[in-house]
Amino acid sequence: MDQSHIRNFCIIAHVDHGKSTLADRILEATGAVSPREMQEQLLDTMELERERGITIKMTAVRLYYKAKDGQVYQFNLIDTPGHVDFTYEVSRSLAACEGALLVVDAAQGVEAQTLANVNLAYQNNLEIVPIINKIDLPAADPERVKEEIENVLAIDASEAILASAKTGVGIEQIMEAIVQRIPPPSGDPNAPLRALIFDSKFDTYLGVICYVRVVDGQIKPGQRIRFMSTGKEFEVLEVGTFTPERQPGEMLATGEVGYLAAGIKTIGDARVGDTITDATRPAQEPLPGYRTAKPMVFCGLYPVDGADYTDLRDALAKLQLNDAALSFEPETSAALGFGFRCGFLGLLHMDVVQERLEREFNLNLIATSPSVVYKVYRTDGTVVDVDNPAHMPPPTTIDHIEEPYVAATILTPKEYVGPIMELCRERRGEFVHMEYPAPDRVLLKYDIPLGEILMDFFDQLKSRTRGYASFDYELAGYRESKLVKIDILMNGDPVDALSFITHRDKAYERARQIVEKLKEVVPRQQFEVRIQAAIGGKIIAAESVKPLRKNVTAKCYGGDITRKRKLLEKQKEGKKRMKQVGSIELPQEAFLSVLKIGD
Ligand SMILES: Nc1nc2c(ncn2[C@@H]2O[C@H](COP(=O)(O)OP(=O)(O)OP(=O)(O)O)[C@@H](O)[C@H]2O)c(=O)[nH]1
């Protein structure tokens, strides 16, 4: 299609503001799917995504729209994941577009994630079309939301479209705005091929499928292509688009969005953000902005039953086929046995992987509490990355330690500013900035250690603001901190999987909190369990769990075997997710106690 008739765009929105619903309406309006065959929210494909109501992996669909000017336009709608863990992927999918539909809930107004996504859209020079959605709601207040869009996002909202993705109001106006307000792509068809990979997926039959935006030149089957970051070459087997079904085609032209398959075996060879060029006539420069997604959060995953170890390894390898950001390597813990140290982009990514391992692969796992990567500068001048508290070098060999920080943005109604500032202070946050972008709304900026965010920060923020504050962050480099490792001992034996790292000034308080928490979650055993927290060899907090007197089966009288079996079955159920550590059985909660100690 003629380049001037192509529109590449995405939808950016805060969670639940109506992105998927609007995408469905757009699909419907172009006749891409009949409403009947349309499953709700077609773009979210993974079952887990649908259940959690979040978009994890993005896709692209091609639609044809006949505009009021009588011309037919090619729309490429690129879906973006709406979560801070996937900021890099979001930024690459935005880089594949010329415009963005900005969806803001007419009752909720602008939220922190909207702000973060708009900033990414600006960085990619996108034309932003503001849409105020859900105007059918009784609580809708479009005028106030317009004001917020102008004050918080610095976007002219005078031409914002008032819409309801639910009732269909405003959808036609949105379709016309895509044609009129979003510019067509401006690449050079005669220049050497440059295509941006903004997503990749593994397909059992085709190998890796790359979602690409052709910036210059074109891609055809049979062409020899080169990935500019690795230099690896492949022959294109198939190109095409999703409409939303996969539709093989003859070529992807300049400015177009689609997929290609080239018999690529591992997703690591087709990384998001990389540039594809023609191997026989390569481009001089790759497209800007490439980097490899680096895991930021690590945890240990151990099978409850040691016999499942190889199954766990195979399952992780399978997930990795589709997830270049997931890393894992074997790890042994004195307490938990053989398992894997796994790296994730963030907490959500970690939760999703764990849930898939348990659900799709039927594994029963113990996860240790997540950790960030510390940079440890040793007295001998070497620097080591430590992603497992148990591997922290002895204090005498450490010169200083650095930890990762994030720049956090919080948007909140005025009345919660106090509780939020208190929470940030408790989490060693450094105040950066505060402004009042709209009546009753406050924008706060803090620098906070990422390690503190991992500890239940989000839930705390939600509960202290009754769900009214929104929060987003970006990574903001490493800073020196006075950190210490706290070891947990059970009946005198250190449990390596429970060690954690915390700030020196918080050490006593947190040690106290964790032993109290553990006292609650460690089930009573036949003997007393002493729980202690220590720095080096020094005990700084202690509690104990009183022994259990009665045996469960002792309650059954004599011969009633079914009754007895029932009780034992029940006990077995309760045993799920329990791990024998020395002579003590620990439940999964025990390993995550450290996350809950900021409460
Ligand atoms: N009343 C009303 N409800 C709407 C409208 N648009 C969407 N919703 C509802 O709002 C909720 C969230 O909509 P989604 O489309 O799933 O939101 P989303 O932004 O895609 O959410 P994520 O995929 O989690 O980012 C759903 O229950 C929708 O039915 C609207 O115009 N009016």
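The model is predicted, and local features are considered where pLDDT is at least 70, side-chain atom pairs count only at pLDDT 80 or more, and totals for chains, interfaces and linings use all residues. Residues are numbered from 1 along each chain as its sequence is written.

The protein chain contains 14 helices and 31 strands, where helices (H or I, at least four residues) and strands (E, at least two) are DSSP runs numbered from the N terminus. Of the 599 residues in the chain, 46% are buried; a residue is called buried if 20 or more other C-beta atoms, placed from the backbone, lie within 10 Å of its own, exposed if 12 or fewer do, and partly exposed in between. Among contacts (C-beta atoms, placed from the backbone, within 7 Å) between residues at least 6 apart in sequence, 69% join residues at least 24 apart.

Six strands form an open sheet of mixed pairing in the order S2-S3-S1-S4-S5-S6, two strands being paired if DSSP finds at least two bridges between them. Strand S2 (60-66) and strand S6 (161-162) stand at the edges with a single partner strand each, so one side of each has no neighbour in the sheet. Strands S1 (residues 6-13) and S4 (residues 99-105) run parallel and are joined by five bridges, with phenylalanine 9 opposite glycine 99 in S4. Helix H4 (residues 112-123) packs on this sheet, touching S1, S4 and strand S5 (127-133), and its direction makes about 155 degrees with that of S1; axes are lines fitted to C-alpha atoms, for helices over the stretch in contact, and angles run from 0 to 180 degrees between N-to-C directions.

In helix H7 (residues 309-321), the end C-alpha atoms are 19 Å apart, which agrees with the 18 Å that its 13 residues should span at 1.5 Å a residue, the expected span being 1.5 Å times one less than the number of residues. Leu312, Ala315 and Leu316 of H7 are buried. These residues cover an arc of only 100 degrees around the axis, which puts them on the same side of H7, the arc being that of the directions from the helix axis to the C-beta atoms. The face turned away from the buried side carries the exposed residues Thr310, Asp314 and Ala317.

Lysine 134, in the loop between S5 and helix H5 (142-153), has a positive phi of about 65 degrees although it is not a glycine, and counts as buried with 25 C-beta neighbours inside 10 Å. Aspartate 456 also has a positive phi, near 65 degrees, but is partly exposed, with 19 other C-beta atoms within 10 Å.

Definitions and conventions: Contact = placed C-beta atoms within 7 Å.
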